[in-house]
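Take a look at the structure below. This briefing goes through it topic by topic, in short steps.

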Amino acid sequence: MTYAQAALTALAQEMERDGSVWVLGEDLGPEGGVAGQYLGLQQRFGKTRIVDTPICENTIMGAGVGAALCGTRPVIELRYADFGICAADEIVNQAAKVRYMLGGQVRAPLVIRQPIGFRDGMAAQHSQSTEAWWVHVPGLVVVAPSNPADNHALLKAAIRCDDPVVYMEHKELWTVAGEVDEAAQPAALGQANVAKRGSDVTIVTWSSMVGVCLEAAQALEARGCSAEVIDLRTLWPWDRETVFESVARSRRLLVVHQAVKVGGFGGEIVAEASEQLFDRLVTAPRRLGAPRVPVPYAEPLETMCRVGAADVVRTAEAMML
Amino acid sequence: MNEIPPTESVLSLYRTMCLIRAFDTHAGDARRAGKLRGSVHEYIGQEAIATGVCANLDRADYISSYHRGHGHCLAKGADPEAMMKELYGRVGGVCGGKGGSMHVADFSLGILGANGVVADGVTIAVGAAHAVKMKGEQRVVVAFFGDGAMNRGPMLEALNWASVFGLPVLFVCEDNLYSDRTRTGSVSAGPGPLARAAAFGIAGETVDGNDVIAVSEAAARHVREVREHSRPRFLHATTYRWRGHLALDKGLYRDPREVERWQAVDPIVRTASWLSSRGVERTGLSRENDAAIERVARAVAAAETAPWPDHTTLYTDVQDVGAPS
Ligand SMILES: Cc1ncc(C[n+]2csc(CCOP(=O)(O)OP(=O)(O)O)c2C)c(N)n1
């Protein structure tokens, strides 16, 4: 099934299992969300559990917080990460802090779905990858699945999580198909997946960049360089153990993301690895990400912002010298 | 009031509507054919609103637009060729190919930009009006937005702001009944946009947004009021979009009979009937329409053969301080 269908399956299973799980957001009913990720759910669960809202991101998010404080488990649909910014106040000042501020009297068990990334010339206000913004906010869990099976198992985990979870699918992955075990248990949040074993360089990545890095790893293999590719899956908490173990072996670290490189989450990984493993590294850790420009519309310009397999290969090879 | 308008000025409105229709007919088809990228929101069926309102504006007046913005820009006088080049992402596009369909703008014509975030253009219009007032200028600012935008916080904040500070803004709500795939009425409380504006002390009226003469007359009254007294006004224009929300949406969530009912009140056909009842030859009207189609075809040919933006432009116009690395 596709990545979108995998999320749909997970959500339906969780709604079946737990009557307190419900969804609120724009355009969920008529055609099941922007990618069909809610297709048929309103028919199946009714309009009180799949709620079509007005266009009002602040209130969608704030209402989600309020409902979470009072015994339900809302899944909040914000359509694209760009509109997650419209709801940033409620996410940062309310959802993320309420448990702490109120001395642990309450929790806000909710999921904030806000897809990231480029797709098809959507330009500057519909292409942003803001995962690092949310990682910076104490109180939030941040998840970014790279394939259908993970989207199924991680969404289940996110819905069962008692903390607020920012759940970031990638727009270009919606139609990607893969094997999904529908009976799979929820994934463990904070556990990375070693997508490919290798010994010469550790490539840490997530979301749509996992496919790009695997492609690069194959090309590197043919050139005699063995790359390990780690799919982080969860950015907060992130799986330091798996990453550090790998970097300690390969002694080289390259982080790859689609988000703007400056101030991106790659910087955090490099900093932590440098602090912990400085004496084991044989070369400076490297990052690949987009230039710090808004995403342009014209295709050749957008392509320049994309990290491709060739960039990964070139950078990894340079690290071998 | 309601004198019979001069035939020549209605003919001019007719021409503008034909141009917008021809432009968006191509834009939608080109998107469906994979020649354009991203989101293309066609304005077909709503042409009378942009046309009737902008006909009452001066070049120096400002407009802010939303995601369905091609019609507003053309009505304010933007060059169809530069607009088409923008949609094709090419050199010579109104935004140099960086913005695409959703962000068309020509500042030399007072077009402050089409916006991809619902209701954000309205707050920008209010800020523009604030600047106009600060500088003691005579300009009017028109904010175009959809009925869906009426439910977003920034919209309501903007109404309050404009009223509190007595700003020269005309709010134009293009009520096409839908917000993307949702019927706006199903998620909106109260008696409608006019009542919300009234709650902030802003007067206005509802107008048949498929009647370009009615829109133009109403806009004339409100623009005059805004300009002379520096206070906001609200125009609620009822209309319908013929196509889906965007080019790749077939609009299947709508009752086909509803679509037919609205197509029967096509603003362009109605204007043609009015003009022929005033003695304008039908053949002359179809020549006007053909001319619009040809003009768009020339724009398309120019856009298709225009070069892509140079790679160095990726890094230009980001900011002055600091390198974009
Ligand atoms: C803040 C925000 N939320 C959601 C969207 C996604 N979206 C784009 S257009 C649209 C519907 C807008 O409806 P309306 O304002 O009535 O304009 P129309 O498309 O009908 O012309 C939505 C929900 C957005 N662009 N911005």
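How many Å separate an oxygen atom of the ligand from a polar backbone atom of B:Ala149? The distance is 3.3 Å. Keep in mind that this is a predicted model.

- The shell around the ligand holds 22 residues.
- A:Glu57, B:His67, B:Arg68, B:Gly148 and B:Tyr178 are the closest of them.
- By class, the shell has eight nonpolar, seven polar and seven charged residues.
- B:Tyr178 places a backbone N or O atom 2.8 Å from an oxygen atom of the ligand.
- On its own, the ligand would expose 580 Å². The protein buries 98% of that area.

**Where chain A meets chain B**

- On chain A, 33 residues are in contact with chain B. On chain B, 41 residues take part in this contact.
- The two chains bury about 3,100 Å² between them. Carbon and sulfur atoms account for 59% of that area.
- Six salt bridges are counted between chain A and chain B.
- One salt bridge pairs B:Asp180 with A:Arg79. Their closest N and O atoms are 2.3 Å apart.
- Side chains of opposite charge can pair when their charged atoms come close.
- Polar contacts between chain A and chain B involve 17 residue pairs, with both residues at pLDDT 80 or more.
- Which elements give two or more residues to the side of chain A that touches chain B? They are α3 (57-69) and α12 (299-305) of chain A.
- The most comes from α12(A), which gives six residues to that side.
- The side of chain A that touches chain B has 19 nonpolar, five polar and nine charged residues.

**Salt bridges in the whole structure**

- Over all chains, a search finds 46 salt bridges.
- A:Arg197 and A:Glu228 form a salt bridge, with their closest N and O atoms 3.8 Å apart.
- What does this pair tie together? A:Arg197 lies in the loop between β7 (193-196) and β8 (201-205) of chain A, while A:Glu228 lies in strand β9 (residues 227-231) of chain A, so the pair ties together parts that are 31 residues apart in sequence.

**Backbone details in chain A**

- Which residues does a cis peptide bond join? The bond joins A:Trp236 and A:Pro237, and its omega is about -5°.
- A:Pro237 is placed in the loop between β10 (234-236) and α10 (240-250) of chain A.
- A:Ala123 is not a glycine, yet its phi is positive, at about 70°.
- The loop between β4 (111-113) and α7 (131-135) of chain A is where A:Ala123 is found.

Terms used:
Residues numbered from 1 in each chain as written. Chains lettered and ligands numbered in written order. Heavy atoms only, no water. Near = heavy atom within 4 Å. Polar contact = N/O pair within 3.5 Å; in protein donor to acceptor, adjacent residues only side chain to side chain. Areas by Shrake-Rupley, 256 points an atom, 1.4 Å probe, with all protein chains shown as cover. Nonpolar A, V, L, I, M, F, W, Y, C, P; charged D, E, K, R; others polar. Contact = heavy atoms within 4.5 Å. Buried area = accessible area lost by both parts, 1.4 Å probe. Salt bridge = Lys/Arg side-chain N within 4 Å of Asp/Glu carboxyl O. Helix = DSSP H or I, 4+ residues; strand = E, 2+ residues; numbered from the N terminus.
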